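This report covers the side-chain contacts of one protein model. It takes aromatic pairs, the nonpolar cores and charged groups in turn.

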Amino acid sequence: MHTLYRSLVIASSIAAAPLANASLIDFQGEPVGTYAGNTTTLLVDGTSVRFSGLGLQIRDLTPAFPSESSRVLSSFHDGQEITMELLGGATTDSLTFHNWISGVYTSEVDTIVVQAFDAANNLLGSVTSSDEFINLNFTGMARITFDDFIAGDGYLLDDFQYTVAVPEPATWALMLFGLGGLISIHHRKRTVQA
């Protein structure tokens with residue numbers, strides 16, 4: 001009996017820890033220009049990620065920065081907020097992104113205010129930073145907003161790295177099969193003892 005309960009606890013712990021897929025959004029492959037409707041949805045490693053904001057666009061900074069070949073996400077007007085949403089119930093506990101200007105154009109520093117929300121739109125936390133790479137670590141982030149710390153300053157975003165917890169059907173099937181085996185063994189032991 002004790003072995004069965006221990007096995008059930010182990011199986012439920014495994015079930016509660018879904019597999020994680022590391023994802024990267026790099027805008028190099030995206031067409032340059034403003035998105036119609038101020039929104040775009042990208043399919044990244046099986047998860048739909050929607051970006052939205054007034055004048056949402058991809059800029060090619062190669063002409064201004066010949067040594068750097070990069071396409072970045074921004075808004076048409078520098079003072080506009082950009083929102084990133086993980087769709088389909090997906091969430092992440094960590095997000096890192098490149099504050100492009102602060103990392104490349106050293107005579108200008110862009111301070112970005114980032115806020116993280118859960119699926120119910122509760123504020124999980126915020127970070128205000130001018131670092132080249134900005135990190136967020138809040139459990140259950142479903143929506144993240146980016147904005148200027150000083151209105152009109154502007155900012156450029158790139159290289160979003162995050163991990164989405166995605167339970168895989170094969171994992172669940174294997175776990176249920178193993179749990180069924182444990183119950184069967186326990187049932188046989190009880191029958192033999194009786």
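## Aromatic pairs

Rings of Phe, Tyr and Trp (its six-membered ring) pair if their centres lie within 6.5 Å; planes under 30 degrees apart count as stacked, over 60 as edge-to-face and the rest as tilted. The model is predicted: local features need pLDDT of at least 70 and side-chain atom pairs count only at pLDDT 80 or more, while totals for chains, interfaces and linings use all residues. Residues are numbered from 1 along each chain as its sequence is written, and side-chain values use heavy atoms, with hydrogens and water left out.

Six aromatic pairs are present in the structure. In one of them, Phe27 and Phe51, the ring centres are 5.7 Å apart and the planes stand at 70°, so the pair is edge-to-face. Phe27 lies in the loop between strand 1 (20-25) and strand 2 (33-34) and Phe51 in strand 4, so the pair ties together parts that are 24 residues apart in sequence. Strands (E, at least two residues) are DSSP runs, numbered from the N terminus. Phe27 is buried, with a relative accessible area of 1%, and Phe51 is buried at 0%; buried means under 20% relative accessible area, exposed over 50%, partly exposed in between (1.4 Å probe, protein chains only).

Phe97 and Phe146 also pair edge-to-face, with ring centres 5.0 Å apart and planes at 85°. Phe97 belongs to strand 8 (residues 92-99) and Phe146 to strand 12 (residues 143-148), so this pair links parts 49 residues apart in sequence. Both Phe97 and Phe146 are buried. One aromatic cluster is formed by Phe27, Phe51, Phe97, Phe146 and Phe160.

## Nonpolar cores

A nonpolar core is a set of buried Ala, Val, Leu, Ile, Met, Phe, Trp, Tyr and Cys residues joined through side-chain atoms within 4.5 Å. The largest one has 30 residues, of which Phe51 and Phe146 touch the most other members. Strand 13 (residues 157-165) supplies the largest share of this core, four residues. Apart from it lies another core of six residues, including Leu61, Phe65, Trp100 and Leu156.

## Charged groups

The count of salt bridges (a side-chain nitrogen of Lys or Arg within 4 Å of a carboxyl oxygen of Asp or Glu) comes to one. Glu85 forms a salt bridge with Arg50, and the closest N and O atoms are 3.1 Å apart. Glu85 lies in strand 7 (residues 82-86) and Arg50 in strand 4 (residues 47-52), so the pair ties together parts that are 35 residues apart in sequence. Arg50 is partly exposed, with a relative accessible area of 29%.
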